[in-house]
Amino acid sequence: MQVSEQSLTPIQLQRLSEQSTRYTRPAFLLQLLLLVLLVLCPLLFQSFRVMDVVAKIMIFAVAVASFDIIIGYTGIISFAHGMFFGIGAYAVGLVAYYAKAPDYHHILMGLGLAVLLAVILAVVIAFFSLRVKAIFFAMMTLAVAEFAHILGYQWSSLTKGEDGVSFKMPGIFNVNWSDGSILGVPLNGRLVTYYFILIVSVLLFVGIVRFVRSPAGRVLKGIRDNEQRATALGYRIFRYRMLSTVFGSTISALCGGLFAMWLNYVNPDTVLGIPLMLNILLMVIVGGLGTIYGGIVGAAFINIAETWLPDLQKVTASLFPGWEVLQRLSERWVLYFGILYVLVVLFFPKGLLGSLRDMAARRKAAPKLGGPHA
């Protein structure tokens with residue numbers, strides 16, 4: 001049965017317009033280009049360092065997007081997101097380590113265990129913490145995250161404490177597995193793991209985008225913008241906030257599992273420490289709160305800066321061999337990283353993507369506002 005446009009609401013008309021231009025919009029073409037670049041990256045740049053950075057960007061882009069659901073879309077400040085990332089990493093790492101000769105089903109067991117633990121812990125934390133004010137919720141999640149970090153150190157019979165756990169992945173995911181080459185690129189365990197991470201990351205990211213565009217995601221934004229109005233409309237705020245926390249935490253745990261598969265190693269400082277949580281927080285701020293896609297920008301910005309800024313000293317030494325002052329200044333790459341971050345926050349207060357979206361929206365609205373005066 002055909003429905004005339006006159007009988008549709010403005011929102012339904014807008015959705016119809018969006019659906020008709022879904023595959024021709026610049027944003028979709030940009031996403032397609034990015035996906036093609038990620039697929040071709042190992043073929044274009046036959047460098048493990050580049051592949052390592054891109055794999056971490058893919059993992060952290062999803063982890064940051066999942067954190068953005070909690071902080072950017074729901075308005076909840078949680079410092080336990082890194083802890084869920086670590087739980088996922090340890091779940092995969094410990095299953096593979098204690099399996100001695102891990103098989104493919106051990107990966108599924110590890111990821112399944114990560115999801116199970118994340119859901120249980122997120123429900124418990126949310127049930128007891130979401131009933132308090134925002135700042136107290138933040139403090140409680142910080143305390144739980146620090147407890148998990150200490151537990152990673154102290155429970156050495158399971159986690160091997162500070163030394164961490166090194167493990168091997170099964171079959172084609174093993175770093176020692178090799179089977180010829182493809183288009184001149186060695187077909188080995190690293191390449192297979194890279195594409196596995198790419199596929200899972202894309203699926204998780206699409207799931208996050210679908211979630212925030214669903215009716216539940218729109219309610220979360222409504223609660224963030226005006227909690228009293230959402231309550232007056234009859235929405236059960238506590239349940240929606242719990243849904244947001246559990247969903248975001250579970251995705252973070254899966255990202256931790258992918259991270260463990262890539263590193264083949266986990267220890268408390270790498271996957272449970274506060275620096276990891278701060279990195280995720282920096283990524284979401286740099287990308288832009290409430291943007292989802294900003295997670296890609298933030299993860300790329302932080303990972304690229306952390307990987308190549310330490311090389312500043314070598315570059316300076318090769319370009320200016322007799323300039324000792326310049327070489328000593330180039331050692332302070334952490335300082336320059338901090339300055340770079342401050343500049344981004346100053347000039348892009350809504351994050352890189354958030355500010356660019358605002359600029360595009362203002363430019364689009366300008367002719368309409370200026371029309372009557374023309």
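Is Leu183 buried or exposed? I started my notebook with that one, keeping in mind that this is a predicted model. I found Leu183 in the loop between strand E2 (178–182) and strand E3 (185–188). Its relative accessibility is 72%, so I noted Leu183 as exposed, the cut-off being over 50%.

Next entry: the nonpolar surface. I looked up a nonpolar patch of about 1,000 Å², whose members include Leu30, Leu37, Phe45, Val202 and Val206. Two elements each give two or more residues to this patch, helix H2 (26–44) and helix H8 (189–213). H2 gives the most, with 9 residues. Leu35 has 33% relative accessibility, so I wrote it down as partly exposed.

Last entry: helix H3. This helix covers residues 48–73, which is 26 residues. From first C-alpha to last, H3 reaches 36 Å, close to the 38 Å expected at 1.5 Å a residue. Where does H3 bend? I found the bend at Phe67, and it is about 30 degrees. Then I asked myself how many residues of H3 are buried. The count is 23 of the 26, so H3 is largely enclosed by the rest of the structure. Just after H3 I came to Gly75, which takes a positive phi of about 80 degrees.

Definitions and conventions:
Residues numbered from 1 in each chain as written. Predicted model: local features only at pLDDT ≥ 70, side-chain atom pairs only at ≥ 80, totals over all residues. Heavy atoms only, no water. Patch = residues over 30% accessible without salt bridge, like charges linked within 9 Å, V, L, I, M, F, W, Y side chains within 5 Å. Areas by Shrake-Rupley, 256 points an atom, 1.4 Å probe, with all protein chains shown as cover. Salt bridge = Lys/Arg side-chain N within 4 Å of Asp/Glu carboxyl O. Helix = DSSP H or I, 4+ residues; strand = E, 2+ residues; numbered from the N terminus. Buried < 20%, exposed > 50% of the residue type's maximum accessible area, 1.4 Å probe, protein only. Expected span 1.5 Å × (residues − 1). Bend = angle between axes of the 7 residues up to and from the residue.
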